[in-house]
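I opened my notebook today to look up a pocket and a helix pair.

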Amino acid sequence: SSCGLRPPRPVSDREFRGVLDKEGRVVAGRFLALRVRVAENGADPDVRPELWPLLLGVRRGWGTAVEIEQARRARRDAYGALVTKCAELDALLVSSKR
């Protein structure tokens, strides 16, 4: 830019991984700094699918990578069941109006 300031660098996948231990848990004391960086500079699009659930409290920081994947699959399955039930109820409503 004309005033010599560089645009802020968003949080990268590497920086995000630096907040996690080997098993995928958030290392105590590093999460707050990550939150501040994301608030100030945003997050790289590649890291957002994993980062945002953590920032929004959907994912708990103390879960391992395996536990996180199991929870993600359970939520996906529950959502699928809700969509199926909704379609069944919609079909009942349509048939009852005839």
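**Entry: the pocket**

I was working with a predicted model, so I kept that in mind throughout. I started with the largest pocket and found that it holds about 210 Å³ of space. I then listed its lining, which comes to 13 residues. Nearest the centre I noted V58, R59, I68, A71 and R75.

Which elements give two or more residues to this lining? I found α3 (48-55) and α4 (65-96). Of the elements, α4 gives the most, with five residues. I also sorted the lining by class: six residues are nonpolar, six are charged and one is polar.

**Entry: the helix pair**

Next I turned to α2, residues 31-41, and how it packs on α3. I like to begin with two values here, since packed helices are described by the angle between their axes and the distance between the axes. For α2 and α3 I read an angle of about 115° and axes 12 Å apart. Angles of 65 to 115 degrees count as roughly perpendicular, so I wrote the two helices down as roughly perpendicular to each other. The crossing of α2 past α3 is left-handed.

Which residues make the contact? From α2 I noted F31, L34, R35 and V38, and from α3 L51, W52, L54 and L55.

How values were computed. Residues are numbered from 1 along each chain as its sequence is written. This is a predicted model: local features need pLDDT of at least 70, side-chain atom pairs count only at pLDDT 80 or more; totals for chains, interfaces and linings use all residues. Side-chain values use heavy atoms; hydrogens and water are left out. On a 1 Å grid over the protein atoms alone, a cavity is a set of points where a 1.4 Å probe fits but cannot get out, and a pocket is an open set with protein on both sides within 12 Å along at least five of seven lines; lining residues have an atom within 4 Å of a point. Grid points are joined across faces, edges and corners, and a volume is the space filled by probe spheres set on the points. Helices (H or I, at least four residues) and strands (E, at least two) are DSSP runs, numbered from the N terminus. Ala, Val, Leu, Ile, Met, Phe, Trp, Tyr, Cys and Pro count as nonpolar, Asp, Glu, Lys and Arg as charged, and the others, Gly among them, as polar. Axes are lines fitted to C-alpha atoms, for helices over the stretch in contact, and angles run from 0 to 180 degrees between N-to-C directions. Angles under 35 degrees count as roughly parallel, over 145 as roughly antiparallel, 65 to 115 as roughly perpendicular and the rest as oblique. A crossing is left-handed if the near helix is turned anticlockwise from the far one by less than a right angle, and right-handed if clockwise. Contact means heavy atoms within 4.5 Å.
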